[in-house]
Structure formats: structure tokens, C-alpha cells
Amino acid sequence: MTPFDDPAVEAAFNAFPQSTRTGVLALRDLVLETAGSLPKAQPLQEALRWGQPAYLAPKGSTIRLGGHKAASFALFVHCQSRLMGDFTSAFPGEDRIDGNRAILFDDPGQIDNTRHGWLIARALTYHF
């Protein structure tokens with residue numbers, strides 16, 4: 001696991017219930033790994049937005065990780081972007097989706113590095 005630069009972000013992860021924390025930490029690893037392969041996503045900033053861990057690239061759209069009322073955890077993207085529409089067109093029926101803003105997960109085993117990495121890469125390099 002990559003160490004945290006910001007103690008407030010680490011505290012936010014530690015505050016999640018265990019079932020949520022395991023999933024969002026797995027998503028964090030995928031975000032960091034994906035961003036590491038994208039020069040346009042550098043430098044990636046890990047911060048808190050709306051109390052949730054968030055990932056901001058210089059010319060991309062914010063990704064947030066957190067709990068969700070209808071799932072154990074979720075990956076959130078900007079709701080006014082085309083990101084979720086493009087994702088559901090590319091991978092129809094493969095995930096539980098919350099409108100145009102989130103992919104919902106109940107278990108870390110549902111995270112697919114290829115499919116969800118595709119969305120993460122698009123978000124980190126997305127231009128409005």
C-alpha cells in the first residue's frame with residue numbers, strides 16, 4: 001500500500017467501516033497505479049472533497065471514493081461530465097451504476113482493473 005501524504009486523508013480512510021475501507025483502499029491502489037501510467041495525470045493530488053478521499057489531476061476531473069447508501073462503497077465521478085455515459089456505453093450492464101455519478105460495489109472482488117481502470121484513466125485526463 002502506498003503511504004499517505006496527508007494525515008487527514010488517512011484519517012478519512014480509517015473512519016470508514018471495515019467493509020467500506022477494504023474496498024476504497026483497493027480502489028485507491030487502482031487510482032494511484034493508473035495515474036502513475038499517465039503523464040497527463042501528474043502530479044496527482046490526493047485530498048479530501050466533501051469529506052471523502054478525492055483524486056485531482058491537473059487537467060482531469062475529480063474522482064472521489066467513499067461509502068454509498070445503496071452499496072458498501074463507490075467510485076464517484078463528476079455528475080455533469082460524459083464519464084459515466086461513456087463508461088456504460090463501453091461496458092453495458094457490467095456494473096451497478098448510480099445515475100451519472102457513481103459505480104457501486106458490495107465487495108472488493110467486483111473491482112475490475114481493466115474496466116474500472118479505463119474509467120479512472122478517462123476521468124484523470126477528462127476535459128470539460
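## Salt bridges and a helix crossing, step by step

Analyst: At 42% relative accessibility, Asp106 counts as partly exposed, because that value falls between the limits of 20% for buried and 50% for exposed. Please keep in mind that we are reading a predicted model.

User: Happy to start there! Which residue forms a salt bridge with Asp106?

Analyst: To read a salt bridge, look for a side-chain nitrogen of Lys or Arg within 4 Å of a carboxyl oxygen of Asp or Glu. Here the partner is Arg96, with the closest N and O atoms 2.9 Å apart. The pair links distant parts of the chain, 10 residues apart: Arg96 sits in strand S5, and Asp106 in the loop between strand S6 (102-105) and H4. Arg96 is partly exposed as well, at 37% relative accessibility.

User: How many salt bridges does the count come to?

Analyst: The count is six. One of them joins Arg122 to Asp86, where the closest N and O atoms are 2.5 Å apart. Arg122 belongs to helix H4 (residues 113-124) and Asp86 to helix H3 (residues 83-90), so this pair ties together parts that are 36 residues apart in sequence. Arg122 is partly exposed at 31%, and Asp86 is partly exposed at 25%.

User: And Arg115: is it buried or exposed?

Analyst: Compare its value with the cut-off: under 20% means buried. Arg115 has 12% relative accessibility, so it counts as buried. Its side chain meets that of Glu94 in a salt bridge, at 3.2 Å from N to O. Glu94 lies in the loop between H3 and strand S5 (96-98) and Arg115 in helix H4, so parts 21 residues apart in sequence are tied together. Glu94, at 45%, is partly exposed.

User: Now the helices. At what angle do the axes of H2 and H4 cross?

Analyst: Read the distance, the angle and the handedness in turn. The axes of H2 (residues 18-36) and H4 come within 9 Å and cross at roughly 60 degrees. The two helices are therefore oblique to each other, and their crossing is right-handed.

User: Which residues make that contact?

Analyst: On the H2 side they are Leu30, Val31, Thr34 and Ala35, and on the H4 side Asn113, His116, Gly117, Ile120, Ala121 and Leu124. By type, the residues of the H2 and H4 contact divide into six nonpolar, four polar and no charged.

Conventions. Residues are numbered from 1 along each chain as its sequence is written. This is a predicted model: local features need pLDDT of at least 70, side-chain atom pairs count only at pLDDT 80 or more; totals for chains, interfaces and linings use all residues. Side-chain values use heavy atoms; hydrogens and water are left out. Helices (H or I, at least four residues) and strands (E, at least two) are DSSP runs, numbered from the N terminus. Buried means under 20% relative accessible area, exposed over 50%, partly exposed in between (1.4 Å probe, protein chains only). Axes are lines fitted to C-alpha atoms, for helices over the stretch in contact, and angles run from 0 to 180 degrees between N-to-C directions. Angles under 35 degrees count as roughly parallel, over 145 as roughly antiparallel, 65 to 115 as roughly perpendicular and the rest as oblique. A crossing is left-handed if the near helix is turned anticlockwise from the far one by less than a right angle, and right-handed if clockwise. Contact means heavy atoms within 4.5 Å. Ala, Val, Leu, Ile, Met, Phe, Trp, Tyr, Cys and Pro count as nonpolar, Asp, Glu, Lys and Arg as charged, and the others, Gly among them, as polar.
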